[in-house]
Amino acid sequence: MPTVFVYASLIFLMLLCFSFARQLSPYARNLYDTENVSVAYVVFFVLPLLAMAYTFGIRYNVGADHLNYLNIYLYGYRWRQHELLYVMIMNIFALCKAPYPLFFGFMTLLQASFFFVAFRKEPQLLVWLVLFLFFDGLVGSWNNIIRASIAGCIWIYSIDYIVERKLVSYLICNLIAVG
């Protein structure tokens, strides 16, 4: 029962914040001037991402691969098993002796940031994306296949570059995703 309460509270907070963010978004008002974004918009956009990172950072033994990721974080890795950038980020956290919830929270923050920022120009979709993430089970896969999920979120983010005909930026994002 406590798990249902935690996830329901997270969903409610995200829906509420993204509803406010939608109203405050410069894109919702057809103002494509992203240099004059209000502080309230940033708060309502970032707060749900931080809440999601916190919630998924403190999880334990949730998902099929969580304990594998935890063992790799705590006891080391083999280079050929993982993407180089993932290993670098993991090592930075491990060398700083950061507790593993901080590491998993950061990984969730990366995924959520790339995913939601990709849709910043379509603020009316933010609320629906929250519902899709939780009720379709996509969030569950974020916890089980962390590296592939980050790559997928970066790819979703990079699609804007194709629309804007910025091939170099698109390729750089995809190289980062592969890394």
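Modeller: Before we start, this is a predicted model, and rings of Phe, Tyr and Trp pair here if their centres lie within 6.5 Å. By that rule, a search of the whole structure turns up 16 aromatic pairs.

Biologist: Okay, take Phe18 and Phe116: what makes that pair tilted?

Modeller: Their centres are 4.8 Å apart, with 40° between the planes. Stacked needs under 30 degrees and edge-to-face over 60, so an angle of 40° lands in the tilted class.

Biologist: And which parts of the chain does the pair link?

Modeller: Distant ones: Phe18 belongs to helix 1 (residues 2-24) and Phe116 to helix 5 (residues 100-117), 98 residues apart.

Biologist: Why is the pair of Phe115 and Phe116 called edge-to-face?

Modeller: The planes of Phe115 and Phe116 make 85°, and the cut-off is over 60 degrees, so edge-to-face applies. The centres are 5.4 Å apart. Phe115 has a relative accessible area of 4%, under the 20% limit, so Phe115 is buried.

Biologist: Which residues do ring pairs link into a cluster?

Modeller: Tyr69, Tyr73, Tyr86, Phe93, Tyr100, Phe103, Phe104 and Phe106.

Biologist: How do you know that the charged end of Arg147 sits over the ring of Tyr86?

Modeller: Arg147 has its charged end 5.7 Å from the ring centre of Tyr86. The distance limit is within 6 Å, with a further condition of within 35 degrees of the ring normal, and Arg147 does count as sitting over that ring.

Terms used: Residues are numbered from 1 along each chain as its sequence is written. This is a predicted model: local features need pLDDT of at least 70, side-chain atom pairs count only at pLDDT 80 or more; totals for chains, interfaces and linings use all residues. Side-chain values use heavy atoms; hydrogens and water are left out. Rings of Phe, Tyr and Trp (its six-membered ring) pair if their centres lie within 6.5 Å; planes under 30 degrees apart count as stacked, over 60 as edge-to-face and the rest as tilted. Helices (H or I, at least four residues) and strands (E, at least two) are DSSP runs, numbered from the N terminus. Buried means under 20% relative accessible area, exposed over 50%, partly exposed in between (1.4 Å probe, protein chains only).
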